Amino acid sequence: MAFDLDVVRKEFPILSRQIDGSPLVYLDSGNTSQKPRRVIDAMTDFLENSYAPINRSSYRLAGEATEAFEAGRRAVARLVNASSPDEIIFTKNATESMNLIARSWGGANLGEGDVVLLTHMEHHANIVPWQMLRDERGIEIRWVPLTADGQLDLTDLDQLLDGAKVFSFTAMSNVLGTIPPVAKLCAAAHDAGALAVVDACQYVPHNATDVQAWGADLVAFSSHKMCGPSGIGMLWGRLELLDAMPPFLGGGNMIDTVTLDGYTTAPVPAKFEAGTPPIVEAVGLRAAVEFLEDLGMADIRRHEMDLTRYALDTLNGRFGDEITIYGPDDVEVRGGVLSFAFRDLHPHDVSQILDERNVCVRAGHHCAKPLMQVLGVQSTTRASFYLYNGTDDVDALADALAGATDIFGF
Amino acid sequence: MPGLEDLYREIILDHYRTPRNRGELESPPAIETRGHNPLCGDEITLYLLVDGEGDDAIVSDVKIGGQGCSISQSSASMMTQAVIGKPVSQAYALIRRFKTMMGIEGYDEQPGDADVAMGDLEALQGVVKFPVRIKCAVLGWNTLAEALDRAGV
C-alpha cells in the first residue's frame, strides 16, 4: 500500500468526528496516537471470539488465545529487528520498562559512586528511576548538555562517559524532536564499558528501527504512541543480557517453580512478565504493527519529514519573531514534534484558544521539567504529528494561532 | 460548547496584563508559601503578613510571585485585592466561597460564607465551564490557605 494521506485518514474512525460542527485537528500524537479501524476490530474480534487465559490452561480456546498473544510479540520483534521474539518483554508501558531496567539491571550492578550518564532532553521516565537509585544507594548522575539549537553537545562525551556504567538516552526528544546519532552513542557507551540504554518511545512509531544495527543493549518503547492500544509497553534487550538480569516483579507466570523455601525463575521473556499480561492489548498491538508495516516505516518517516519542514516554514514565515520554535531546524535530525513559545501568551492560554477551533495540542512541561529549566521556560505549547496529519492540519494550527491575538490584545 | 468569552472576561484579562500586588515581602516576618500545578508546571510564590492575634488578626499584606497562565495569575491578583485588610476569618471564608464557586467536590461551605462579598471574583465563574482550568483558578487560593494555616492565628 503506497502512502496516501486520504486513504490513511479513512482508517481512523475518530478523524471523522466533528466537535461543534468542525473537524478534529489532532496534533498531540507525541502524547498518544489515535487508533486505526483494524486495531479496534482486532481487539473486538478477539474479545468476542477468542478471549481466554494465556500460558496456563490446556483447552483449545486457551491455546488459541496464547497463540494470538505470542503473535503480538513476534510482530514487535520483526518491527524493531530483534534477533528473537524472546527478546521482547511486554510491560504495562515504556515507563515501566525503564523502571524494570533501573531496578533489575541497576539493582544488580550499580552501587555507591557508580555513574549513570543521561542527557538534558530526557523524559521523566528516564530520569526519576535513576534518581530513585541515587537516593537509595548513592549512584552519581551525569548529564550530556545541549547545543543552542537543541541537539546533544557531544564535545565532552568521552569525559562524561569516563567511568560510567550506564549511558541512557532518548532516541528522539518528546519536546524538541531531536534525533541524536543513536548508533554512535551506543558505540561510545560500549567503548567506555557502559551499558547502552535507549528510550525509543518517540522514535519507533515514526522511523524504521533496527535495534541490532544500533548496537544497543536495552530499548524501551510503547504501543499507544504507534497506533496500538494503551496498557502495553515493550522492552527489548539482548537475550544474554536479559538472561543475566534478576526478575523485576514477582508472582505468577515468572516462575519455574516455587516451594515453601523459595523460587526459581522462568526463562525470558516470562521471567519479566509476572501476572496476567495485557492480552487483548497484545492482539491490538499486532494489528498496529502490521498497519505500520503495510504503510512502510520509510514512507511514514518521509511524510513526516515533509510535514515538519512545511510546519517550520509556515509558522516561522507567518509569525516571524512572534514565535520561538525549539529544537533543530534540520528535519534530517528532528521528528515531527514542535514545541514553541508564542508571543507572550502562556501555553495554557494558547491551547485553550486552539481548542476553540478543535486544534488539539499539549501545553505544559511534557514530563521533561529539567529540559524546561535548560530552555529557560516554565512550559511550552507542543504540536506533534503522525502519519494521519497533513498540511491542512498545520494551516489550521497557524490560523488558530493568528486568532489568539484578537483575544489577548498583546 | 461554552465560548472563550465566558472564560476570558475583560476584568480577568485586565488583572492578567496588570497584576496587582505582584512582588515579594521579606520573609520572615512574612510567611512564604509555594504552590504549583504538577500538570502544567505553573508555580506561584505567596508572601503573607498578618497583624494581630486571634479574632483581631488582619491580613495586612499579600504579594504574589511566580509564573502562570492568565487564569491562575488573574485569580491570584484578584484574590490579593479581596483579602488585604480583611480579618483572617473572612479570608478563610472567601477561600471557601471561591472553592464552592469553582464547584470543588466535597467542599465544606459554612454558614455565613455566602455573605462574603465576591466582587470582581464573580468574573471567574466562567472557569467552571472549562473543568481543566479550575486547577489554575484555585492555585493561588490553596497557596493562601496554606500560608494562613502556617500563620496559625
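This is a predicted model: local features need pLDDT of at least 70, side-chain atom pairs count only at pLDDT 80 or more; totals for chains, interfaces and linings use all residues.
Residues are numbered from 1 along each chain as its sequence is written, while chains are lettered from A and ligands numbered from 1 in the order in which they are written. Local features are reported at pLDDT of at least 70 and side-chain atom pairs count only at pLDDT 80 or more, whereas totals for chains, interfaces and linings use all residues. Helices (H or I, at least four residues) and strands (E, at least two) are DSSP runs numbered from the N terminus, and two strands are said to pair if DSSP finds at least two bridges between them.

In chain A, an open sheet of seven strands has the order S4-S10-S9-S8-S7-S5-S6, with mixed pairing. Its edges are formed by strand S4 (88–91) and strand S6 (140–144) of chain A, each of which pairs on one side only. From one strand to the next the twist averages 20 degrees, where axes are lines fitted to C-alpha atoms, for helices over the stretch in contact, and angles run from 0 to 180 degrees between N-to-C directions. Within this sheet, strand S9 (residues 218–222) and strand S10 (residues 233–237) of chain A run antiparallel and are joined by five bridges, with Met234(A) in S10(A) as the bridge partner of Phe221(A). Helix H7 (residues 182–191) of chain A packs on the sheet and touches strand S7 (164–170) and strand S8 (195–199) of chain A, its direction making about 150 degrees with that of S8(A); here and below, residues are in contact if their C-beta atoms, placed from the backbone, lie within 7 Å.

A further open sheet of chain A has four strands in the order S13-S14-S17-S16, with antiparallel pairing. Strand S13 (323–325) and strand S16 (362–364) of chain A stand at the edges with a single partner strand each, so that one side of each is left without a neighbour in the sheet. Neighbouring strands of this sheet are turned by 30 degrees against each other on average, direction ignored. S13(A) and strand S14 (residues 337–342) of chain A run antiparallel and are joined by three bridges, and Ile323(A) stands opposite Phe342(A) in S14(A). Helix H12 (residues 347–355) of chain A lies across S14, S16 and strand S17 (380–384) of chain A, running at about 160 degrees to S16(A).

Two helix pairs of chain A were examined. Helix H3 (residues 60–80) and helix H10 (residues 279–295) of chain A pack at an angle of about 40 degrees, with their axes 8 Å apart. H3(A) is therefore oblique to H10(A), given that angles under 35 degrees count as roughly parallel, over 145 as roughly antiparallel, 65 to 115 as roughly perpendicular and the rest as oblique. The crossing of these two helices, H3(A) and H10(A), is left-handed, a term used if the near helix is turned anticlockwise from the far one by less than a right angle, with right-handed used if clockwise. Among the residues that make the contact are Ala68(A), Phe69(A) and Gly72(A) of H3(A) and Ala282(A), Arg286(A) and Val289(A) of H10(A). By class, the residues of the contact of H3(A) with H10(A) divide into 12 nonpolar, one polar and three charged, where Ala, Val, Leu, Ile, Met, Phe, Trp, Tyr, Cys and Pro count as nonpolar, Asp, Glu, Lys and Arg as charged, and the others, Gly among them, as polar.

H12(A) also meets helix H14 (residues 391–408) of chain A, the axes coming within 9 Å and crossing at roughly 110 degrees. H12(A) and H14(A) are therefore roughly perpendicular to each other, and H12(A) passes H14(A) in a right-handed crossing. Val350(A), Ile353(A) and Leu354(A) in H12(A) meet Ala400(A), Gly403(A), Ala404(A) and Ile407(A) in H14(A), a contact that has six nonpolar, one polar and no charged residues.

In chain B, strand S1 (residues 31–36) and strand S2 (residues 43–51) pair in the antiparallel sense over six bridges, and Leu48(B) in S2(B) is the bridge partner of Ile31(B). The hairpin of S1(B) and S2(B) has six residues between the strands, and Gly41(B) takes a positive phi near 90 degrees there. S2(B) also pairs with strand S3 (residues 58–67) of chain B in the antiparallel sense, over nine bridges, with Tyr47(B) opposite Lys63(B) in S3(B).

Between the chains, 16 residues of chain A are in contact with 15 residues of chain B. The elements giving two or more residues to the side of chain A that touches chain B are H12, S16, helix H13 (369–375) and H14 of chain A, and H12(A) gives the most, with four residues. The residues of this side of chain A divide into five nonpolar, seven polar and four charged.

Definitions and conventions:
Two residues are in contact if their C-beta atoms, placed from the backbone, lie within 7 Å.
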